[in-house]
Amino acid sequence: MQRGLTLFGGWGKNGLMKTQAIIFDLDGTLLNTLTDIANAINVALSMHNLPTHPENAYRTMIGNGLEKLVERALGPQNTSYFSVVLADAHTEYGKRLDQATAPYPGINAMLADLVRMGLPLAILSNKPHDLTLDSVKTYFPETPFAVVAGAKPNVPLKPSADAALAICQELSVSPNQTIFVGDSQMDIKTAVNAGMFGAGVSWGFRDREELLQAGASVVINRPDELLALL
């Protein structure tokens with residue numbers, strides 16, 4: 001049995017959890033969006049003759065929403081450009097949602113299996129809500145997600161539990177019988193804060209150790225391993 005599984009209160013006598021729903025993070029979990037995000041931010045920075053960053057540097061900038069991403073990309077010396085770069089970054093990313101982005105290998109097959117099992121599926125992202133909807137419509141048109149939620153005004157971002165708990169309420173499921181799947185500490189901390197089972201994924205933007213330190217009950221290495229938790 002993998003690390004942490006027996007510690008979760010939703011597990012039955014055979015070590016299997018009675019799962020009512022699964023909530024997924026989007027970037028770094030279902031979709032590899034790194035190149036398109038990096039290009040969009042770099043274009044927005046270049047429009048104002050500001051320094052850009054290597055693509056790999058964005059791995060640790062992504063995860064806390066577009067505003068924090070722009071703030072990190074600007075650095076403390078260029079904060080006066082925040083508003084204009086933020087607006088340009090939103091526009092530029094909207095133009096290139098589908099240039100290099102793709103689902104990670106095995107994601108579509110996993111989602112199809114979960115749909116066949118009849119489990120309600122949801123997405124909760126810190127990406128702006130409109131861009132989250134566009135991404136899901138573009139890459140997962142055949143997957144009937146019950147809820148798709150991105151960053152919205154007056155709704156705290158992950159790791160706040162508010163949006164995750166609102167999804168559970170909308171789906172009429174119990175948080176302690178919900179799996180939250182993500183690739184960063186923000187996702188795992190959201191799971192912990194909401195009383196959900198936090199399943200980290202090792203193929204995303206952050207490393208396994210970060211996920212375990214954040215409190216992941218398990219870290220999976222392939223999408224089909226999620227099915228074994230059910």
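Predicted model: local features only at pLDDT ≥ 70, side-chain atom pairs only at ≥ 80, totals over all residues.
Visitor: Why are α1 and α2 described as oblique to each other?
Guide: Their axes, which are lines fitted to C-alpha atoms over the stretch in contact, with angles from 0 to 180 degrees between N-to-C directions, come within 11 Å of each other and cross at roughly 60 degrees. Under 35 degrees counts as roughly parallel, over 145 as roughly antiparallel, 65 to 115 as roughly perpendicular and the rest as oblique. The relation of α1 to α2 is therefore oblique.

Visitor: At what angle do α1 and α3 pack?
Guide: The axes of α1 and α3 (residues 82-95) lie 8 Å apart, with an angle of about 135 degrees, which makes α1 oblique to α3. The contact is made by Asp36, Ile37, Ala40, Ile41, Val43, Ala44 and Leu45 of α1 together with Val85, Asp88, Ala89, Glu92 and Tyr93 of α3, and these residues divide into nine nonpolar, no polar and three charged. The packing angle is about 135 degrees.

Visitor: At roughly what angle do the axes of α2 and α3 cross?
Guide: The axes come within 10 Å and cross at roughly 120 degrees, so that α2 is oblique to α3, and the crossing is right-handed. Leu66, Glu67, Val70, Glu71 and Leu74 in α2 meet Phe82, Val85, Leu86, Ala89 and His90 in α3, a contact of seven nonpolar, one polar and two charged residues. The crossing angle is roughly 120 degrees.

Visitor: What volume does the largest cavity have?
Guide: On a 1 Å grid over the protein atoms alone, a cavity is a set of points where a 1.4 Å probe fits but cannot get out, a pocket is an open set with protein on both sides within 12 Å along at least five of seven lines, and lining residues have an atom within 4 Å of a point. The count comes to one cavity of 30 Å³ or more, lined by 23 residues, of which Asp27, Ile37, Ile62, Gly63 and Lys127 lie nearest its centre. With grid points joined across faces, edges and corners, and volume taken as the space filled by probe spheres set on the points, the largest cavity has about 270 Å³.

Visitor: Which element supplies the largest share of the lining of the largest cavity?
Guide: At least two lining residues come from each of α1 (34-46), α2, β4 and α7 (185-194). The whole lining divides into 10 nonpolar, six polar and seven charged residues. The largest share, four residues, belongs to β4.

Visitor: Which element gives the most to the lining of the largest pocket?
Guide: This pocket holds about 220 Å³ of space, and its lining includes Asn64, Gly65, Leu86, Pro128 and Lys152. Both α2 (66-74) and β4 (121-128) supply at least two residues. With three residues, the element that gives the most is α2.

Visitor: Where is the place of Pro159?
Guide: The peptide bond from Lys158 to Pro159 is cis, with omega near 20 degrees. Most peptide bonds are trans. The place of Pro159 is in the loop between β5 and α6.

Key. Residues numbered from 1 in each chain as written. Heavy atoms only, no water. Nonpolar A, V, L, I, M, F, W, Y, C, P; charged D, E, K, R; others polar. Contact = heavy atoms within 4.5 Å. Left-handed = near helix turned anticlockwise from the far one by under 90°.
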